[in-house]
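Visitor: I have a protein chain open and would like to understand it step by step. Could you walk me through it?

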Amino acid sequence: MIISFPKLSNSISSCNGPCKTENDCDGQLICINGRCNDDPDVGTHICTGGGGNPSPPSPPSNDNCKPYGTLTCKGKSYPKYSCSPPVTSSTRAKLTLNDFSEGGDGGDKSECDEKYHEKTERVVALSTGWYAGGTRCLKMIKITASNGRSVEAKVVDECDSRNGCDTEHAGQPPCKNNIVDGSDAVWEALGLNKDVGVVDVTWSMA
């Protein structure tokens, strides 16, 4: 009696299914470390996990990302978020200005590398949901301003959307859930006026 085992290439795998080549995966999925997963270059969100280094699952729309409480800071109430809008190839965000250097308004050392960063370094902090527990630490993102200019910057910290108003956060309230907090160098590379403080941008993984 001969027992034959089907080869991987004979079947099409869906999310997190085994694969050897792109042809083993269904639709727009690609083979990453032997598992079918979303193609990060295309920006699909068919899967919520699987693969070698999957992107953290994101809510399907901004409307599904609701605050889970409030934090009172200096007599004013601020919403707390543990989620952010889904990351796409052109994710809308608010760019804010932060001083990551020692004694700056960023508070403690950056979470990703336990270091301070000079104003001349192109670095950013991401809102809690986008920071995703540090999975984007030290990775490069591309930020594009409405004037058409873009810059790549390194993720070094979390813009905490859950906590704030303490020494660790330099007395700042919790971040909103759609913040890319950039250094002076990021603003200058984009040709933006730092005195404005907050501008609309889009970002993606570089």
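**Disulfides and the barrel**

Guide: By the distance rule, under which a disulfide is a pair of cysteine sulfur atoms within 2.5 Å, the count comes to three disulfides. This is a predicted model, in which local features need pLDDT of at least 70 and side-chain atom pairs count only at pLDDT 80 or more, while totals for chains, interfaces and linings use all residues. Residues are numbered from 1 along each chain as its sequence is written, and side-chain values use heavy atoms, with hydrogens and water left out.

Visitor: OK, what does C65 pair with?

Guide: C65 forms a disulfide with C83, and their sulfur atoms are 2.0 Å apart. The torsion about this S-S bond is about 105°, so the disulfide of C65 and C83 is right-handed. Distant parts of the chain are linked here, as C65 sits in the loop between β2 (35–37) and β3 (69–73), whereas C83 sits in the loop between β4 (76–80) and β5, 18 residues apart. The strands named here (E, at least two residues) and the helices (H or I, at least four) are DSSP runs numbered from the N terminus.

Visitor: Are C65 and C83 buried or exposed?

Guide: Both C65 and C83 are buried, where buried means under 20% relative accessible area, exposed means over 50%, and partly exposed lies in between, with a 1.4 Å probe and protein chains only.

Visitor: And which cysteine is joined to C112?

Guide: C112 is joined to C137, with 2.0 Å from S to S. The torsion about the S-S bond of C112 and C137 is about -80°, so the link is left-handed. C112 is buried, with a relative accessible area of 18%, but C137 counts as partly exposed at 21%.

Visitor: What about C159, where is its partner?

Guide: C159 is joined to C175 at 1.7 Å from S to S, and C159 lies in strand β8 while C175 lies in the loop between β8 and β9 (179–182), so the pair ties together parts 16 residues apart in sequence. Both C159 and C175 are buried, and the link is left-handed, with -45° about the S-S bond.

Visitor: Switching topic: how many helices and strands are there?

Guide: The chain has two helices and 10 strands. Six of the strands close into a barrel in the order β5-β9-β6-β8-β7-β10, with mixed pairing, and the twist averages 45° from one strand to the next, taken from axes that are lines fitted to C-alpha atoms, with angles from 0 to 180 degrees between N-to-C directions.

Visitor: Which way does β8 run against β6 and β7?

Guide: Strand β6 (residues 123–127) and β8 run parallel and are joined by five bridges, whereas β7 (residues 140–145) and β8 run antiparallel, also with five bridges. Two strands count as paired if DSSP finds at least two bridges between them. In β8, V155 is the bridge partner of V124, and A153 is that of I141.

Visitor: How many residues of β8 are buried?

Guide: Seven of the 10 residues in β8 (residues 150–159) are buried, and the strand is mostly covered. Across the chain, buried residues make up 40% of the 206 residues.
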